[in-house]
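Dear colleague,

I am passing on the structure we spoke about, and below it you will find my notes on what turned up in it. Please read them with the model open beside you.

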Amino acid sequence: MILSMNNISKIYNGKTILDNISMTIEDTDRIGLVGINGSGKTTLLNIITGAEEYETQSYPIEPVFSLSSDVNIGILRQNAGLDTESTIIDEVKKAFEKLFKVKEELRRIEKELQKPETIENEKYFSDISHNFSTLENYFRLNDGYIMDVNINIVLSGMGFPQETYKRRIKTLSGGEKTRLALAKLLLEKPDLLILDEPTNHLDFETIVWLENYLTGYKKALLIVSHDRYFLDRLTETTYEIERCKLNRYKGNYTRFTELKKERNERQLKEYNDQQREIADLEDFVARNLVRASTTKRAQSRQKKLESLEIIEKPIMQEKSSKIDFTYKIEPPFDILKVKNIDIAVGEGEKRKLLSSGVSFEIKRGEHLAIVGANGSGKTTLLKLLTKKLPCFKGTIEWGRNVRISYFDQENSQLHRSLTVIDEIHSRYPTMTDLEIRSLLGKVRLTGENVFKPVSVISGGERAKLCFALMMLEHANVLVLDEPTNHLDISTREVLEDALKTYSGTIIFVSHDRYLLDKLATKVCEITPDGVRFFAGGFADYQTYVAENAAAASIQKENTDSTVSEEKQNKQTAYRSKEQRAKDAQNRLTIKSLEAKISVLHERLDALQHEISHDNLDYETLTEKCAEIDSVKIMIDEKTEEWLSISEELE
């Protein structure tokens, strides 16, 4: 067991955040932690990592926090700290500081073992030989011999090719720094890996790579994420914080939603049944306690009331937002025609062409999902379509009676100096305060929040304000740029339902695969090689991409094999009979050398094991050490011979 918590509470300024919660984490647990924004997830992570203290109350039950000794906890937070003066490669190598120290110690012991005075001192030789074996075993088990390989694998997977290794961290963007911090954390391989919104700033390819990598992670995982696809693939247990309580469910996120619904329905039925029973008992007591003929029965009912173990009303789903997009004017069947436009960023000499000659059409009721790597031009395309950016080449033609409502992921259309309620007043001056507050209440912007400046409310609250404004616009075309960013899971699900029931046309960019899977009827992929369109939903697109990648890989292997064979045939045609005979002999020699080298390595391992674990006398120990030196020399000689012959064959 890594961690055990019982009856842990946390109070801020008199407000309870966590109320007597309990949690256990075993060595290989894969846990998802969910809850609405502000429910206490970050507070719980801080308590687990020791960044915050829990309450030390002894009533009603004393809290217990037990963390196993020597457990290494690694946590990824947003804007994780890095040494900005360091290079990418130097920073990730810090993940192997302990292994590098072990490597240096192994080299020191090797030199010490070769000294005559060490060999003559039987006990000292035995002690340091044992130490060498222990350290070498630790080094090997922790992949010390393949550190460079692992670094390359993880950095490549997180979007850092080798040509970027020497870049200073201070030159990286915020998203790149987060990805680098995650790469470093993965290489550290902590006993408990805590990931707080790890898919932020990652494109599809990197998210899929991360999922595949973490699928093989052998230690404990604790993940906080709004990415329900990610949770479904990687977690086996779900903890939910709800109204200061922590509830455990067996299963991934999808299973959790099913179990929670069943649990709430069952508890609500039990609660209602008991409430009816209590009402009947109280009514009987009230009517019969003063009557002499029924006093005893009334007293009996009263005792039963007093002995009842009261069932608390279950915590049902929090009141959800009510987002509803409608329109009044029916658009034509042909919504949009795009012909031969360029997708580019920047101006003048700094203008960078991302894709050229883009053409497509959108029909009424279609839901077009635009996907692609970060920086591929997805947002730029949306801004071109909505005329937020000028179109210098080609044409963008919207149908008549088309009304567009645009959701900007930066919420740049909002006036940061205005209050939430005044933001709507400035656009719809005839609306009363009551009407505006009623609208804001639908998206769960209530109380004092409506009088706060737009600049100080959270990203999720700004998104909800944008949705409220969009509801007033009654557009028949919605253009959405990352609409689920900053939203908690419950609000995402409300938005998904609203968009699914919307009968108009939707063009959207999103990294939320749940939203893509539920909403898309057509997919546009922007790549460095151009723009491709796929009929069908996001799942169909993923299947096509996977099959296409597999086919391309097979074709490349076949091509490489054909080229290699043709090259070999050409070389062979020019060789003399004697040269071909010599090559054949060299191949036989190489196979023989490989077999001998393998046997020598086995003998070396056996000898090192013997001197480390057997109680040998001085004479035998000296003989074994001499044989080790001899075997090493033979390995070097055979390896050198193998390399020489291999070069002749190339």
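This is a predicted model: local features need pLDDT of at least 70, side-chain atom pairs count only at pLDDT 80 or more; totals for chains, interfaces and linings use all residues.

Strand β10 (residues 334–345) and strand β11 are joined by eight bridges and run antiparallel; strands here are DSSP runs of E with at least two residues, helices are runs of H or I with at least four, and both are numbered from the N terminus. Across this pairing, V338 stands opposite F360 in β11. Residues are numbered from 1 along each chain as its sequence is written, and side-chain values use heavy atoms, with hydrogens and water left out.

The two strands belong to an open sheet of three, in the order β11-β10-β13, with antiparallel pairing, where two strands pair if DSSP finds at least two bridges between them. Because β11 (352–363) and β13 (395–398) each have a single partner strand, they stand at the edges, and one side of each is left without a neighbour in the sheet. The twist averages 15° from one strand to the next. Helix α12 packs on this sheet, touching β10, β11 and β13, and its direction makes about 130° with that of β10; contact means heavy atoms within 4.5 Å, and axes are lines fitted to C-alpha atoms, for helices over the stretch in contact, with angles from 0 to 180 degrees between N-to-C directions.

There is also an open sheet of six strands, ordered β14-β15-β16-β12-β17-β18, with mixed pairing. Its edges are β14 (404–407) and β18 (530–535), each with a single partner strand, so one side of each has no neighbour in the sheet. Within it, β12 (residues 367–372) and β16 (residues 505–509) run parallel and are joined by four bridges, with H367 opposite I506 in β16. Helix α12 (residues 378–385) packs on this sheet as well, touching β12, β14, β15 (477–481), β16 and β17 (522–527), and its direction makes about 140° with that of β12.

A nonpolar core is a set of buried Ala, Val, Leu, Ile, Met, Phe, Trp, Tyr and Cys residues joined through side-chain atoms within 4.5 Å, and buried means under 20% relative accessible area, exposed over 50% and partly exposed in between, with a 1.4 Å probe and protein chains only.

E211, in helix α8 (residues 204–215), is buried, with a relative accessible area of 2%. Leaving aside neighbours within four places in sequence, E211 is in contact with Y229, F230, R233, L234 and R513.

Y229 also takes part in an aromatic pair: its ring centre is 5.8 Å from that of Y514 and the planes are at 90°, so the pair is edge-to-face. Rings of Phe, Tyr and Trp (its six-membered ring) pair if their centres lie within 6.5 Å, and planes under 30 degrees apart count as stacked, over 60 as edge-to-face and the rest as tilted. Y229 lies in helix α9 (residues 228–234) and Y514 in helix α17 (residues 513–519), so the pair ties together parts that are 285 residues apart in sequence.
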